[in-house]
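Here is a short briefing on the pockets of one protein model. Have a look at the sequence and the structure first, then read on.

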Amino acid sequence: MAFPSHRPRRLRQSAAMRRLVAETRLHPADLILPVFVREGISEPVAITSMPGVVQHTQDTLRRAASEAVELGVGGIMLFGIPETRDAMGSASLDPEGVLNRGIRAVKSEVGSDIVVMSDLCLDEFTDHGHCGVLTADGAVDNDATLEIYGQMGVAQAEAGADMVGPSGMMDGQVAVIRQAMDDAGRQDTGILAYAAKYSSAFYGPFREAVDSQLTGDRKTYQMDPANRREALLEVSLDLDEGADLVMVKPAMSYLDILRDVAESAFERGVPVSAYQISGEYAMIEAAAANGWIDRDAAVAESVLSIRRAGADTVLTYWAAELARWIKEGRF
């Protein structure tokens, strides 16, 4: 009888062999931990739709940042939840506002041992929950929002952010923020552009996490899930405007987009991030809680798939836990 001339199974015969020939690896430095800091609380508040994730106080935020450093996590992304909101999102510009205080607290705690990032968007700060200010008829005013974004970029840079993450999907946002920060002498502060951010059903738990005031949707400014080529246009525009990194969000249902973006950004020498969002986290946690899947294996596999698709870095709520597993040699 004829025998196979190629036996790929030979390279799968032991854990050591599989480890030797692995094409994609997870490393703590490739992970970015998103964290929430809430004003007016004295103890962390659990987020019910995201088991294991909390809204931090300023003190517990410091501890979370220190733990991330100890575990070798590459970055930490801060989201702020203010006590009071208004139509303009004014608290976003307050140097003593929850997010800017949080940036200062983390920076004073960990210095340059981790990349400190901050979400640059108005949705957490507006009483209507949209990512920008509204016109009289209720539409999001792109250009009026850009002016505030520029001020937010400067405020966050002055608070100590190493990199800001404009996530509002306003046209021209990267250019305006870059110019504002440069004019303020903050040329060294980077921009992680949420370049291809889709209007997704998987953001649901995040709305609880930031106590979102949104009614309706964000389909007039976030991307249509049906579109693929448009993502490359958005990435190209953000790079032309001065983005230092670009992001695809969500990750799980958009791995094809991530692959396209990774190939395009590689030609320009720019790193690519992807955000494993709240709904992706919640689904795995819920399935594992019901005993339907192996939680730890599913967590590791899901993040590995994002890296394999082309992400240089991954924002994931499991960043600290996964980093610990990696250091322990589990994955």
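The second largest pocket of this predicted model has a volume of about 300 Å³. A pocket here is an open set of points on a 1 Å grid over the protein atoms alone, where a 1.4 Å probe fits, with protein on both sides within 12 Å along at least five of seven lines. The volume is the space filled by probe spheres set on the points, which are joined across faces, edges and corners.

**Second largest pocket**
- Its lining (residues with an atom within 4 Å of a point) is made of 17 residues, and Leu33, Gly52, Val53, Tyr317 and Ala320 lie nearest the centre.
- Strand 1 (31–38), strand 3 (54–56), helix 2 (58–71) and helix 11 (319–328) each give at least two lining residues; helices (H or I, at least four residues) and strands (E, at least two) are DSSP runs, numbered from the N terminus.
- Strand 1 provides the largest share, four residues.
- Eleven of the lining residues are nonpolar, two polar and four charged (nonpolar: Ala, Val, Leu, Ile, Met, Phe, Trp, Tyr, Cys and Pro; charged: Asp, Glu, Lys and Arg; polar: the others, Gly among them).

**Largest pocket**
- The largest pocket holds about 660 Å³ of space.
- Among its 17 lining residues, Arg18, Arg19, Ala22, Thr24 and Leu304 lie nearest the centre.
- Helix 1 (15–21) and helix 10 (295–309) are the elements that give two or more residues to this lining, and helix 10 has the largest share, with five.
- This lining divides into eight nonpolar, two polar and seven charged residues.

**Reading the numbers**
- Residues are numbered from 1 along each chain as its sequence is written, and side-chain values use heavy atoms, leaving out hydrogens and water.
- In this predicted model, local features need pLDDT of at least 70 and side-chain atom pairs count only at pLDDT 80 or more, while totals for chains, interfaces and linings use all residues.
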